[in-house]
Amino acid sequence: MCAAVAAEDQDYIVWRDDIAMIGMPHEDISIPFIGFLMPRRHADLSDLEPYEAARMGELMVLLERAVTDVLDVPRVQILRWGDGQEHLHWWVLGRPTGATQLRGTFLSSWEDVLPPRPREEFRADVEVVMRRFVALAGGEIP
Ligand SMILES: [Zn+2]
C-alpha cells in the first residue's frame, strides 16, 4: 500500500485531495464497490491530527452518499482491520440491493467466495462513483 501511494499508482489511487485519498483493490471483486479511504501521509488511526480525523469523518459520509447515489447499493459498510498494515485504510464496501444474505458482517466473507466481476465493469463503476464524489467532496481524480 505504501509503495503504491509513494509511486502515485494510477491503477490504485482513484481520488485524492490534500489530506486523503481513495485506493481501489488490485484484485478483482464480486460486490458492487470496494474502496480504501486513507490518509495521504503515512499514518495509522491514532496518528491522525484533529483536522485529518475531521476530514476523514466527512469523507466517510460523502463516500457513502456517492456510492448509494450512483450504484444499486442501499448501504455501505465501513471497516478497519489494519493488522499488519500501519497505513490506515478504511474498507468501504457497497452491498448490492436485494442481496439480503450479504447483510452485516457476512459481506466481506461473501466477497471472498462469489465470482469476481469483470475488471472493466468494476473500474467503470468506480469512475462513476469518483465523479460523484468529486462533486460532493472536492478533490480530484488523478
Ligand atoms: Zn504508508
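Predicted model: local features only at pLDDT ≥ 70, side-chain atom pairs only at ≥ 80, totals over all residues.
Some terms before I go on. Buried means under 20% relative accessible area, exposed means over 50%, and partly exposed is in between, with a 1.4 Å probe and protein chains only. A salt bridge here is a side-chain nitrogen of Lys or Arg within 4 Å of a carboxyl oxygen of Asp or Glu.

Residues are numbered from 1 along each chain as its sequence is written, and side-chain values use heavy atoms, with hydrogens and water left out.

Back to Arg 95, which is in strand 5. Helices (H or I, at least four residues) and strands (E, at least two) are DSSP runs, numbered from the N terminus. So what does Arg 95 touch? Not counting residues up to four places away in sequence, its contacts are Pro 32, Asp 72, Val 73, Pro 74, Arg 75, Leu 102, Arg 103 and Leu 107. Contact, by the way, means heavy atoms within 4.5 Å.

On to charged residues that do find partners. The count comes to 10 salt bridges. Take Glu 140 and Arg 16, whose side chains meet at 2.8 Å, N to O. Glu 140 lies in the segment after helix 4 and Arg 16 in strand 1, so this pair ties together parts that are 124 residues apart in sequence. Glu 140 is partly exposed at 39% relative accessibility, whereas Arg 16 counts as buried at 16%. Leaving aside neighbours within four places in sequence, Glu 140 is in contact with Trp 15, Arg 16 and Val 134.

Next, Glu 58 and Arg 55, which also form a salt bridge, at 2.8 Å, N to O. They are 3 residues apart in helix 2, so about one helical turn separates them. Glu 58 is partly exposed, with a relative accessible area of 40%, and Arg 55 is buried at 15%. Those two belong to a network of salt bridges that links Asp 17, Arg 55 and Glu 58. One more pair: Arg 117 and Asp 125 meet in a salt bridge at 2.5 Å, N to O, and Arg 117 is buried, with a relative accessible area of 14%.

Let's stay with helix 2 for a minute. Helix 2 covers residues 50-70, 21 residues in total, and reaches 31 Å from its first C-alpha to its last, close to the 30 Å expected at 1.5 Å a residue. That expected span is 1.5 Å times one less than the number of residues. Buried residues in helix 2 include Glu 52, Met 56, Leu 59, Met 60 and Leu 63. Among the elements covering the buried residues of helix 2 are strand 3 (33-39), strand 5 (90-95) and helix 4 (119-137).

Which residues of the largest nonpolar core touch the most other members? Of its 42 residues, these are Phe 33, Leu 37, Leu 63, Met 130 and Phe 133. Helix 2 gives the most to this core, with 7 residues. A nonpolar core is a set of buried Ala, Val, Leu, Ile, Met, Phe, Trp, Tyr and Cys residues joined through side-chain atoms within 4.5 Å. Leu 37 has contacts that include Met 21, Met 56, Leu 59 and Trp 90, again leaving aside neighbours within four places in sequence.

Last stop, the metal. The zinc ion is coordinated by Cys 2 (SG), His 42 (ND1) and His 87 (ND1), at 1.9 to 2.2 Å. His 42 is in the loop between strand 3 and helix 2, and His 87 is in the loop between strand 4 and strand 5, 45 residues apart. Along the chain, the donor spacing reads C-x39-H-x44-H. Donors are N, O and S atoms within 2.8 Å of the metal (3.2 Å for Na, K and Ca), and water is not among the atoms, so sites may look incomplete. Buried or partly exposed, those histidines? His 42 is partly exposed, with a relative accessible area of 49%, whereas His 87 is buried at 1%.
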